[in-house]
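Hi there,

Here is the structure I promised to pass on to you. Please open it next to this message, so that you can follow along as you read.

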Amino acid sequence: MISFFHFFTQKLRLSNPWRYKVPLLIAFCYFLLLAGNVHPQTSAAAFFTAIATTVGFMGFGYLTNDLADRKKDELAGKSNGTTNLSTTSIVLLVITFLGIAILPWLYLPMDMISAICIATELALFVLYAFPPFRLKERGFLGVITDALYAHVVPGFLASWTFYLVGNKDYDNFYLFIIALSTWQLFSGMRNIISHHYKDFENDMSSGTKTFATQIGKEKIYSLMTRVFIPLELISFLGFLAVIQLKIDFLFVVVIIFL
């Protein structure tokens, strides 16, 4: 039971997603609340409910990854949050995280598109981590899958949900969601390739077949700097151009900030 609470609290305190993934999702929600001119009380209730489901999805995602990588992390000498967990604790964590992820949708607006996104997100977590699929070790397919479940699907689901909260009162939403999904796809691909580059030696030691270990460290660095970072930058500028249609002088503010 101590191990159960240790894993649970550790995953809630993870600095990486709270530093750049969650704030980005929050920004999408804020923008669509603005675009839909949603009442403050409705906005607050939807926002805090959305934070809850985000915690559940994140916890389930990290749990599946850690469970699938237990043996390989041990070979590489890496820490793994599930190392000392009993089967009972693992089952309790799965139920807990799924409950936190799913129950908020009793309040949040939901339609068929929302349900497909939720099912896709959960399925990608499992397909990415566990055999016989283990898309994590399927080369470039693993890169795309990671980008989808870590960036594209959460961004799409958050945006669609708050578009519904605003009663679909945003004329440029479909342009917005295309620009957002394109940017998040390239951003996610760059992010996981960067992670593969940094973890290259550990993955070689553990025998993990990532995209980087398949094509080599020098080639992955070249792809990251010459292809994926430029694509991420260009798609981000395209996304800003769409936002500019709603928020005047946005580019000026961004340039000043940079």
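Below I go through what was found in it, one topic at a time.

A word on the ground rules. This is a predicted model, where local features need pLDDT of at least 70 and side-chain atom pairs count only at pLDDT 80 or more, while totals for chains, interfaces and linings use all residues. Residues are numbered from 1 along each chain as its sequence is written, and side-chain values use heavy atoms, with hydrogens and water left out.

**Aromatic rings**

Let's start with the rings. Rings of Phe, Tyr and Trp (its six-membered ring) pair if their centres lie within 6.5 Å; planes under 30 degrees apart count as stacked, over 60 as edge-to-face, and the rest as tilted. By this rule there are 22 aromatic pairs. One of them joins Trp 160 and Tyr 163, a tilted pair with 5.6 Å from centre to centre and 55° between the planes. Both residues belong to helix H7 (residues 140-165), where Trp 160 and Tyr 163 are three residues apart, about one turn of the helix. Helices here (H or I, at least four residues) are DSSP runs numbered from the N terminus, as are strands (E, at least two).

Are these two residues buried or exposed? Buried means under 20% relative accessible area, exposed means over 50%, and partly exposed is in between (1.4 Å probe, protein chains only). Trp 160 has a relative accessible area of 4%, so it is buried. Tyr 163 is buried as well, because its value is 8%.

Trp 160 also forms a tilted pair with Phe 173, at 5.7 Å centre to centre and 55° between the planes. Trp 160 is in helix H7 and Phe 173 is in helix H8 (residues 173-198), so this pair ties together parts that are 13 residues apart in sequence. Phe 173 is buried, with a relative accessible area of 1%. You will meet these residues again in one aromatic cluster, which includes Trp 160, Tyr 163 and Phe 173, and also Phe 28, Phe 31 and Trp 183.

**Along helix H8**

Contact in what follows means heavy atoms within 4.5 Å.

- Ser 187 is in helix H8 and is buried, at 8% relative accessibility. Apart from neighbours within four places in sequence, Ser 187 is in contact with His 151 and Glu 232.
- Ile 192 also sits in helix H8, and its 5% relative accessibility makes Ile 192 buried. Not counting residues up to four places away in sequence, Ile 192 touches Tyr 128, Val 143 and Asp 146. Its C-alpha atom is separated by 9.6 Å from that of Phe 211, which is 19 residues apart from Ile 192 along the chain.
- Tyr 197 is in helix H8 too but is partly exposed, with a relative accessible area of 26%. Leaving aside neighbours within four places in sequence, Tyr 197 is in contact with Lys 217, Ile 220 and Tyr 221.

Which residue lies over the face of Tyr 197? Lys 217 does, at 5.0 Å from the ring centre. A charge sits over a ring if NZ of Lys or CZ of Arg is within 6 Å of the ring centre and within 35 degrees of the ring normal.

**Two loops**

In the loop between helix H6 (112-129) and H7 you will find Pro 132. The peptide bond from Pro 131 to Pro 132 is cis, with omega near 0°. Arg 134 is in the loop between H6 and H7, and its phi is near 35°, a positive value in a residue other than glycine. Arg 134 is buried, with a relative accessible area of 9%.

In the loop between H7 and H8 lies Asn 167. Asn 167 is not a glycine, yet has a positive phi of about 55°. Asn 167 counts as exposed, because its relative accessibility is 68%.

Finally, Leu 237, Leu 240, Ala 241, Ile 243 and Gln 244 in H11 meet Leu 250, Phe 251 and Val 254 in H12.

Enjoy exploring it, and write back with any questions!
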